[in-house]
Amino acid sequence: MSVPSQDNAARTGIFARAIIYSALILFAIYYLLPLYVMLVNSLKPLDEIRQGNMLSLPQQWTFEPWRSAWSTAQIGVSPTGLKPYFLNSIMMVAPAVALSTILGALNGYVLTKWRFKGDNLVFGLMLLACFIPFQIVLIPSARILGILGLAGSIPGLILIHMVYGLGFTTLFFRNYYEAFPTELIRAAQIDGASFFQIFRRILLPSSGPIIVVTVIWQFTNIWNDFLFGSSFSSVDSIPITVALNNLVNSSTGVKEYNVHFAGAILAALPTLIVYIVSGRYFVRGLMAGAVKG
Amino acid sequence: MSFLQINELHKSFGATHILKGINLEIEEGGFLVLVGPSGCGKSTLLNTIAGLEPITSGEIRINGNQVNDLHPSKRDIAMVFQSYALYPNMTVGQNIAFGMEIRGVPKAERDKAIADVANLLQIGHLLDRKPSQLSGGQRQRVAMGRALVRDPQVFLFDEPLSNLDAKLRIDMRTEIKRLHQRMKTTIVYVTHDQIEAMTLATKIAVLKDGLLQQFGTPAEIYNDPVNMFVADFMGSPAMNLVPATIVTEGNKLAVKLDRGERQPILLPLSGGPAGLSAYNGKKVIFGIRPEALTDPDGADRNASQLATADCHIEVVEPAGSDTFAVTALGGKHVVARLRADANVKPGTTTPLAFNLTKAVFFDPESQNRIS
Ligand SMILES: Nc1ncnc2c1ncn2[C@@H]1O[C@H](COP(=O)(O)OP(=O)(O)OP(=O)(O)O)[C@@H](O)[C@H]1O
Ligand SMILES: [Mg+2]
């Protein structure tokens, strides 16, 4: 009796699995197809693209479009390629991410472990920052950057991104530290550790997952930002997203689709790498936050 | 002179008044145990002594110095938290040494201190492990080690044994007692465990709703409770508290215990508290501990006031070393503690000896002791 029914169970198992896997494979293809198209076409000479078949592999492989996108393509008025703008982005993203993460961690620390009157109100107001649409703050921000003498500079962009990200980073760290046992802080106080010693020696070493989450979140958001980049940059502080747009929209000459594809991949590469390197921690950190927060 | 002194201590969290005027003192090398029902403010009191919570009013003195506004690290106290509070990112050795490291003690000296404490607590083989790789009892010992390495003026322990299993608890209790006898450091200790309180304390403070009910030696608390709360709270099984009437028999007072349709029991008193005569003809609460109510053969022969009465036994509970018998007096179940081999059967009537020297009386209104 039991043998056939087991057999049945196994068969339905296989059947269900087949359905699940085909669905998954289908979705994977759906998401991977654009990347594939970009990749193969960025490796073809322009003529081949013009002939029509977007999906075929290159007949003649070439890295010329990549070289062009990186260092010689016409961006706006100058033929510099994306390279200087890529560097601009790096110089903007690295400090902005680091600063907003550190400040968010400090905020979370104070809001959970050094409570003061009205702390929840302060936190509520900071949360509100997460819901303010970018467009609303554009003009006030421009004014403040002007007053500070940071208009059109990379430090100005860093400041804007840092301030705008602070709401999110504070939220992340506050929720994470809320679950952190207060008795550990008290024990450290009795041991004589100062405010910053407790932060650095007790809290930070246990913050790995939430730091990864915050860094990924901030990195992708700031790297991919277009609005602030286009609003607050000048010729020598343009970030890569804006430069990519300028590359694609350059009106002179023919549309070099292969160069555009290569440029787009170049612009997306850092976020891709960040996800691949730390994606595992990202998921783990989100889960940890979900369970504890 | 007392070493740790707490005067009129008040503590409020916002509008909630938690500690309502606590007065305590303990001499140098004393062992003060705080007991009381959950939420009565024991941990809060400990935290105020440690300086982790600011006080609302009052005074805390350690070794003669007022420490009210001193930072926890400046009070020269060491604390063991109920949850151990071991730093998860540090090894056992680093946990124990953290305080010394912060205070800038040289490495060689730190290592020596760690080795000494590890030796004392037998955790030498665990020094390189992280707290997550330890068992409950091992974590407990590390938490103790972190405090012991300091040699402070006062140790504060907040229910340090509450997370351990029964066996380990008893071992650790003995361990703490031995440590205290050797180090002679003043200790304030919070516990829910009666036996821990009785065996460890030189002084016990019983708290209820932020008010100090009684403060005294374990024997005082046990034998001379000032009110019904303390009488009921300390001791296991608890003291029998039976409604009774004071009557006169001949020219002496006697306690009359009603038994429903049965004949009331009359226990003649010789001596007894002086205040009792004012209650002649009135209701009182008669308190007698189970061990003062026993079979006549097992009764204390030196007791000056022993009265025997026939009681109807309802339930018999053999507990190995003793047998507990339950009878009904004054509408309450009353537990008597008999010898293990006492020949009693449920449903029968057997004589029980009341050791009235150990009996106490309470006013049913105020619940205070009649003295
Ligand atoms: N930070 C706080 N804010 C407001 N109320 C508090 C705070 N900490 C404690 N309380 C309240 O103070 C009272 C005493 O708490 P405490 O922790 O001292 O009790 P406890 O005697 O240690 O109890 P337990 O035996 O359960 O540990 C409780 O009613 C508690 O709700
Ligand atoms: Mg407590």
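This report walks through a sheet, a pair of domains and a chain interface in a predicted model.

## The sheet in chain B

Let's start with the strands. Chain B has an open sheet of 4 strands, arranged in the order β2-β1-β4-β5 with antiparallel pairing. At its edges lie β2 (16–27) and β5 (65–66) of chain B, each of which pairs on one side only. Helix α1 (residues 42–50) of chain B packs on this sheet and touches β1 (2–13), β2 and β4 of chain B. The direction of α1 makes about 115° with that of β1(B).

In β5(B), B:Asn65 is the bridge partner of B:Ile62.

## Two domains in one chain

Chain B is divided into domain 1 (2–233) and domain 2 (240–362). Taken over C-alpha atoms, the centres of these two domains of chain B are 39 Å apart. Where they meet, 9 residues of domain 1 of chain B are in contact with 7 residues of domain 2 of chain B.

Between them, the two domains of chain B bury about 680 Å², and carbon and sulfur atoms give 62% of that area. On the domain 1 side, B:Tyr222, B:Met228 and B:Ala231 supply 67% of the area buried against domain 2 of chain B, more than any other three residues. Helices α7 (218–223) and α8 (228–233) of chain B each supply at least two residues of the side of domain 1 that touches domain 2. As for polar links, there are 2 residue pairs in polar contact between the domains of chain B, while the number of salt bridges across this interface is 0.

## Where chain B meets chain A

Now for the partner chain. The contact draws 26 residues from chain B and 15 residues from chain A. Interface size is often expressed as the accessible area lost when the parts come together. For chain B and chain A, the buried area is about 1,800 Å², with 58% of it on carbon and sulfur atoms.

This interface has 2 salt bridges and 9 residue pairs in polar contact. One of the salt bridges joins B:Glu101 to A:Arg201, whose closest N and O atoms are 3.0 Å apart. On the chain B side, α1, β6 (77–80) and α2 (92–102) each supply at least two residues of the surface that touches chain A. The largest share, 4 residues, comes from α2(B).

Conventions
Residues numbered from 1 in each chain as written. Chains lettered and ligands numbered in written order. Predicted model: local features only at pLDDT ≥ 70, side-chain atom pairs only at ≥ 80, totals over all residues. Heavy atoms only, no water. Pairing = 2+ DSSP bridges. Contact = heavy atoms within 4.5 Å. Axes fitted to C-alpha atoms, helices over the stretch in contact; angles between N-to-C directions. Domains from an automatic or database assignment. Buried area = accessible area lost by both parts, 1.4 Å probe. Salt bridge = Lys/Arg side-chain N within 4 Å of Asp/Glu carboxyl O. Polar contact = N/O pair within 3.5 Å; in protein donor to acceptor, adjacent residues only side chain to side chain.
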